[in-house]
Amino acid sequence: MKNRYTPLTLIVAVLVIAAASGFLFAPPAQESPVRVVMDNSGGRVIFSHAKHAEDLGYDCADCHHDNIGQDKPLACATCHPVAFDKKFRSEHQKNFPDKKACLRCHDEVPTGPLAKEDRPDTENIPLLSDAFHKQCMGCHEQDGGPYGADSCYKCHAR
Ligand code: HEC
Ligand code: HEC
Ligand code: HEC
Ligand code: HEC
Ligand code: HEC
């Protein structure tokens, strides 16, 4: 009778070991892209992510200020939309992996329609292209890299 459980016990043991080693030796949860292609009306921008994140030695948090406990950084557009319009109002509620993310902009996690006075002030949340221009050029002005009136085609393809 006892033997009947041996195979099962073995299988469970193998699974437990596999799960534990997967946990212990898993690659880091954060994986960053080598480059990011950004298509936009100013002309395509190819951002060399690896060069910026690895060769230049910046921290992830220097650019990804969305450190809200999720496994990997979120695309900037999750929070910085092209416009705070109807599309943003409905889409953004579904685009965060964790409810904690809501607290970046809301006083508490919204559970239903919001009264006017509970809506976040959009004044200090930059729209997408302002967020990019501000972050890219802000750092370039300080540390080197293209910025300023004549710099457009150093980032944008003609
Ligand atoms: C110099 C600024 C900068 C640094 C440093 C940086 N990133 Fe990024 N990262 C970006 C930008 C800009 C994007 C493009 C986001 C977008 O398209 O909305 C991006 C995109 C990503 C994406 C894809 C997000 C998505 O869903 O589209 C991941 C993942 C990522 N970065 C991880 C990292 C990690 C991990 C580090 C640290 C090792 C890091 N990044 C360092 C600027 C940076
Ligand atoms: C989880 C939401 C979220 C994500 C994702 C996010 N931001 Fe922001 N960002 C905000 C909010 C909210 C503000 C307004 C001020 C604040 O709360 O810090 C802001 C402010 C900014 C500002 C102006 C203030 C400053 O730090 O100079 C810039 C520039 C900016 N974001 C760029 C980016 C870029 C570029 C990315 C992608 C690499 C990004 N943000 C991703 C939420 C986000
Ligand atoms: C980057 C900032 C930001 C984050 C993060 C964020 N919100 Fe919002 N949310 C806003 C802004 C801004 C508005 C109001 C836009 C307007 O009406 O002017 C809004 C509006 C709303 C509304 C009202 C929608 C409507 O149609 O009237 C709900 C509900 C809501 N958010 C839920 C959430 C939930 C749930 C999360 C987290 C999963 C979240 N938000 C995360 C900025 C954010
Ligand atoms: C935190 C600082 C920082 C941020 C943010 C940053 N850069 Fe840079 N970038 C640099 C530095 C420093 C250089 C100069 C590197 C060199 O000359 O070796 C540079 C150089 C460049 C260059 C010219 C060299 C090359 O790689 O082709 C381009 C293009 C560029 N950055 C694009 C961008 C874009 C697009 C963004 C925003 C999405 C961005 N950078 C954000 C620091 C930054
Ligand atoms: C450091 C790199 C860099 C420089 C320099 C730069 N841009 Fe951009 N630009 C970007 C990035 C990144 C985006 C956002 C791409 C996206 O939204 O996917 C952008 C977006 C744009 C857009 C699209 C706006 C929209 O809402 O669709 C226009 C137009 C633009 N830039 C014009 C300019 C002009 C004009 C200059 C010169 C004065 C300039 N850019 C210099 C990186 C740069």
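Predicted model: local features only at pLDDT ≥ 70, side-chain atom pairs only at ≥ 80, totals over all residues.

Reader: Which residues coordinate the iron atom of ligand 1?

Author: His49 and His64, each through NE2, at 2.0 Å. The two link distant parts of the chain: His49 sits in helix α2 (residues 49-55), His64 is in the loop between α3 and α4, and they are 15 residues apart.

Reader: And is His49 buried or exposed?

Author: His49 counts as buried, at 12% relative accessibility. His64 is partly exposed, with a relative accessible area of 24%. The cut-off for buried is under 20%, so His49 falls below the cut-off.

Reader: What else is around ligand 1?

Author: There are 20 residues surrounding ligand 1, and the closest are His49, Cys60, Cys63, His64 and Cys76. By class, the shell around ligand 1 splits into 12 nonpolar, 5 polar and 3 charged residues.

Reader: Which element gives the largest share?

Author: That's α2, with 3 residues in the shell around ligand 1.

Reader: OK, on to ligand 2. What holds its iron atom?

Author: His65 and His80 coordinate the iron atom of ligand 2, both through NE2, at 1.9 to 2.1 Å. His65 lies in the loop between α3 (60-63) and α4 (86-91), and His80 is in the loop between α3 and α4 as well, so the pair ties together parts that are 15 residues apart in sequence.

Reader: What's the geometry around the iron atom of ligand 2?

Author: Octahedral: the 6 donor atoms around the iron atom of ligand 2 subtend angles of 78 to 179°.

Reader: How accessible are His65 and His80?

Author: His65 is partly exposed, at a relative accessible area of 46%, whereas His80 is buried, at 10%.

Reader: And which residues come closest to ligand 2?

Author: His65, Cys76, Cys79, His80 and Arg104 are the closest of the 16 residues that surround ligand 2. The shell around ligand 2 has 8 nonpolar, 5 polar and 3 charged residues. α5 gives the most to this shell around ligand 2, with 3 residues.

Reader: What does Arg104 do at ligand 2, in terms of contacts?

Author: A polar side-chain atom of Arg104 lies 2.8 Å from an oxygen atom of ligand 2. The histidines go to nitrogen atoms of ligand 2: a polar side-chain atom of His65 is 2.6 Å from one, and an N or O atom in the His80 side chain is 2.7 Å from one.

Reader: Switching topic: I keep hearing cysteines. How many disulfides are there?

Author: The count comes to 0 disulfides. Cys63 counts as partly exposed, at 36% relative accessibility, and Cys76 is partly exposed too, with a relative accessible area of 32%.

Reader: What about ligand 3, which residues come nearest?

Author: His92, Cys102, Cys105, His106 and Arg119 come nearest, out of 17 residues around ligand 3. An N or O atom in the side chain of His92 is 2.8 Å from a nitrogen atom of ligand 3. His106 has a side-chain N or O atom 2.8 Å from a nitrogen atom of ligand 3. Arg119 turns to an oxygen atom of ligand 3, with a polar side-chain atom 2.6 Å away.

Reader: Last one: where does Asp121 sit?

Author: Asp121 is in the loop between α4 and α5 (128-143), and at 53% relative accessibility Asp121 counts as exposed. A polar atom of the Asp121 side chain lies 3.1 Å from the backbone nitrogen of Glu123. The C-alpha atoms of Asp121 and His106 are separated by 9.4 Å, with the two residues 15 apart along the chain.

Key. Residues numbered from 1 in each chain as written. Chains lettered and ligands numbered in written order. Heavy atoms only, no water. Donors = N, O, S within 2.8 Å, 3.2 Å for Na, K, Ca; no water. Tetrahedral: all angles 85-135°; square planar, octahedral: opposite > 155°, others 65-115°. Helix = DSSP H or I, 4+ residues; strand = E, 2+ residues; numbered from the N terminus. Buried < 20%, exposed > 50% of the residue type's maximum accessible area, 1.4 Å probe, protein only. Disulfide = S-S within 2.5 Å. Near = heavy atom within 4 Å. Polar contact = N/O pair within 3.5 Å; in protein donor to acceptor, adjacent residues only side chain to side chain. Nonpolar A, V, L, I, M, F, W, Y, C, P; charged D, E, K, R; others polar.
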